[in-house]
Amino acid sequence: MAIFGKRFGFGLVLAVAALTTLTALPARAELDIQEITTPGGIDLWLVENHSIPFVALELRFKGGASLDSAEKNGASYLMMGLLEEGAGALDSRGFARAVESIAASFSYKIYDDSTAISAQFLTENRDAAVALLRDSIINPRFDPAAIERVRAQVISSLQSDEKDPDEIAGRTLDQLIYGDHPYGRQKEGTLETVRALTRDDLVAAHQGALTRDRMSVAAVGDITAEELSALVDGLLGDLPATGPALAGPVEPVLTEGITIVDFETPQSVALFAQPGIDRDDPDFFAAYVLNVTLGGGGFESRLMTEVREKRGLTYGVYSYLVDKDQADLWMGSVASANDRIAQAIDVIRDEWVKMRDIGVTAQELQDAKTYLTGAYPLRFDGNGPIANIMVGMQMQGLGVDYIDTRNDRVNAVTQDDVNRVAKRLLDPSQMRFVVVGQPEGLAQ
Amino acid sequence: MTLIAAFPRIARKFAILTLGIGFGIGGATAQTNEQVTAFSLDNGMQVVVVEDHRAPVVVHMVWYRAGSADEQPGTSGVAHLLEHLLFKATDTLESGELSATVAANGGRDNAFTSFDYTGYYQRVAADRLELMMRMESDRMVNIRLTEDDILTERDVVIEERNSRTENNPSSLFREQMRAAQFLNHRYGVPVIGWRHEMESLELGDAMAYYDRFYAPNNATLVVAGDVDPENVRALAEKYYGAIPANPDLGVRARPYEPRQMTERRMIMRDARVAQPYVSRSYLAPERNPGDQKAAAALVMLSEVLGGSTTSVMAEKLQFDEQIAVYTGAFYSGLSLDPSTFGLFIVPSAGVSLQEAEDAMDAVVAEFIETGVDADQLKRIKMQLRASQIYARDDVNAIGNRYGQALSQGLTVEDVQAWPDVLQAVTEEDIIQAARDVFVLKHSVTGWLMADGEAG
C-alpha cells in the first residue's frame, strides 16, 4: 500500500543547546578509489567491494538535451528513450526479454547538460549483461514501430504536463529566464517538434550524445580493476571520439516581480529564482552553507520555520542552488491555497531581505556545518550511491581527494564569509516568482 | 472464492500483536538470514536488527501498529495529524528540538502514515544511535501538545492535502475509487483524511489516538546498519524497555466489508485531465501469517499481466496492437485486511475509454484461457531471485520490509519465507488466482476524463 503523509518539514532551531553542539564527527567510511586508465585509453574510477555479487556501473556524458536545436527539440530525449527499445539483433521485445532473463537493470536518462546511463548486473552473468548494454549504447535499432510507440508515450506525457501546475510553473520560469537558449526549452520537446522528429534526427542525436571525449565512468562492486578495464574498453571503445559543440553560455534574465499563470486549481504553486553562484567561485561553499540555514530542505531552515511552522501556510518550502554548466541560479519553491499564497510569498521575501541584511547567527552557522559535515559520510552507503557520487565528482572536475577535503572546506566557512556572501548574492530586486493557480491578492 | 471480506481472523491477529508469535517472548533471539536478529522486550515491544557494516550509518525506526484505518469514525486524518504533532514538545524536548538535534548530528529524520501503520525514523551516524533512542522513546509517551500546535499543524496538513490530492485529479480519482470499493472498512477513507473532517480535528482526538496506540506493546523497533545486535538490545532495554505496556490497547479489529453484490462503476470528469484512462480494482486477499500462498500467486499474476514491457497486457495492447499508451497491473499483499488488485489502461489517441476497457477485459479473459507463458514466468522468478542480491545493497529497504510486514500482522518468519513462497508459485496457481480475483461483481471500474469529453 502506498505510504502516505511523509512529512517534509519541521523544526524550530533555537532549541536547547546541549544536544546540538556535539562536535565529534562520525567516522568516515573507508573508501579506496582506484583511478584507472584502461588499455584503450578510457579513464575511470573503481571501488572494489566483493561482499555482494553484483556491480553498479555509471556512465555520464556531457551535453544532454541542450545539444538539441530549437527545431529538433526533444530529439535527444526520444533517442534516449529508444536505446532499450531494440538493439543489435534484438527487437524491442527481444531486448527486454533478454535483459529480464539475466536480471540486469539498465536505465537511460537525460538532463539539460548530460546524459546518464546506469547499469546493475550480477557477477554470474556479467558478460551477457555487458553485451546487451553495449548493443543498446552502440547499436540501437530505432525501429520505426518502436519510434512511433515511444513517441506516442512522449506526446501523452507532454499533454499531461500542459495541465500540471508544477510543470507549467517550471516551463514558464525557464522560458522567462533563458528565452531562446536551449535551457529555455523543455528537454522532452514540444508537441510540434516531437511530432516532426524523423528517424534520421534520432540517429544524429545518438551520434552526438554519447562520445568518448565527454564521458565519465565509475564502477563499484564485485569486479577487479583488470576485469573492469577490459569490460569498459569493450563496452565503450567503439563510441564516436568527439561530439558536436556544446550549448554556449547564457545570461539569465531575472527581474523583480511576480508572473501569474491563471490555472483553475485550489492550491497555487510557486517557483522563484534569482542569480546563483558558480561551483568554482571561491564563495561557493559559503553560499552552500548559507542555503542550509535559509531553506535547504531541513525541517529547521528559516523558510520552513517562518512559512510552515509558525504560520501553517504550506506543507513544504525550500531554496536550492542550481549549478548548470552555463548558468547559475538560486531557486526555491512553495505551494499554498489560493487565498494564502500571497502571504507565503511575502514571508519568503521578508526572510530573503532579513538574511541579506542581518545574516546568520553563530549558532545557525554551527548547526548548518555540523549537519553538512555529519551528513556527508552518510551518503556513501551502497554500491549504487557510491558509483553515483564518483561519476558526479568527475563531471564536476573534482579529484578523488575531494572526498577527504570536502568537510574541511565546509568547516573553513566563517560567519563573516556567510554574511558577506548573503549581502553579495541575495538580491530581492532580481527575484522572479512564477505562480500557477488563481492566487488572491497578488499583483503581477 | 477467497476474497470478499471473508470473516476476519481477529483471534489470530490479536495473538500475533500481543504475544509476538514468531518472536521469542522476552529474550530468546532468533538468528536469521540477511544478518537479521529479532527479539522482543519484556514489555512486548518487538525489535528487529539488520546488520550492514559497510558504512558507519544507522537507520533507527519505530513502527506503530496503528494507521488511519484504526481511527474513530468522524476523525479521519487524525493518525497523520498526530504523526506531525509528534515533532512538537515533550516533557524534555522543545518543539522542533528532535529534528534540530538530528540535523545538528548530520542526520535526517521523518515520519510516515499509512492505513495500517505509522512510522518514525532517523538516519544518522551509527555512533549516534543512543541519542536517537533517548528522543524517540521519550515521544512515545511524553508529548505535550497545545491548542496552538493543533491549529497551525491542521493548516499544514490541509495544505499537504492540497498538494497531494486537491491539486491532482488522478489522486482525487483514486480516492473516489477506494471509497467506492470499501463501503464499510476504513481502507475506503483516505489516509490524509476527508477535508471536512480534517478541518475540525481537535486536541482531544489526537490525544485519544496517542494514548491508546503509542505504547511499546504496539510497536516494532527496527535498527538497520552498522550496529551490533547485543548493543542494540542493551540500548533498547534501557530506553524502550522502561516504558510500561499499555494494558488497554485492545483488539485490533476493524469493520469488514459486507458481501459485494454488484460491480460499481464511476465516471469522474475534471478540466485538469489531459490523458483519460480506465482503472479497475477488485477485492483481493492479503498476505497472512503462515498463509502467504494466495497473495504470492497474486503478486506473480500482477507481474505476468502488467509488471513490465514484456507482460501480457503490454504485449497485446501496446505491441501487437497500439490500443494503449500504457497498461499495468498492481497488487501488494502487504495489508492487514483484505486488499485490492488493480488494472489500468491508458488508451492511445483515437481509442475511446469503452474500447480500451473492452480490450483490457478481452486480454484478461484470453490470458485465463491460454495460460501462463513458461519462459515469462522463468524470467520473473530469475528477477525475484536477483532482487534478493541487489536488495543487500540497501539496508534501509530491508529494514522497511520488516517494519512494514510486522506492522501488518506478519512475522519475521513470514518475511523470510516470502521469497520461497513466491518461487513456488506455479503456472496453474496463477491462473487459479486470476479466476478467483477477476470477478466483475467484486470490482470497481472508473473512467477519468476531461470535462465535456465523450467516453
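In the predicted model, chain A has an average pLDDT of 92, and 93% of its residues score at least 70, pLDDT being the predictor's confidence in each residue, from 0 to 100. Over residues 1-27 of chain A the pLDDT is below 50, although this stretch has 77 contacts in the model beyond near neighbours in sequence; two residues are in contact if their C-beta atoms, placed from the backbone, lie within 7 Å. Where pLDDT is low, the predicted coordinates should not be read in detail. Because the model is predicted, local features need pLDDT of at least 70 and side-chain atom pairs count only at pLDDT 80 or more, whereas totals for chains, interfaces and linings use all residues. Residues are numbered from 1 along each chain as its sequence is written, and chains are lettered from A in the order in which they are written.

Between the chains, 67 residues of chain A are in contact with 67 residues of chain B. On the side of chain A that touches chain B, α12(A) gives the most, with eight residues, helices being DSSP runs (H or I) of at least four residues and strands runs (E) of at least two, numbered from the N terminus.

The largest nonpolar core has 266 residues, and Ala219(A), Ala270(A), Val289(A) and Leu298(B) are those with the most contacts inside it. Such a core is a set of buried Ala, Val, Leu, Ile, Met, Phe, Trp, Tyr and Cys residues joined through C-beta atoms within 7 Å, where buried means that 20 or more other C-beta atoms lie within 10 Å of a residue's own. Helix α10 (residues 293-306) of chain B gives the most to this core, with ten residues. Ala219(A) touches, among others, Leu44(A), Val55(A) and Ala387(A), not counting residues up to four places away in sequence.

Note on methods:
Buried ≥ 20, exposed ≤ 12 C-beta atoms within 10 Å, placed from the backbone.
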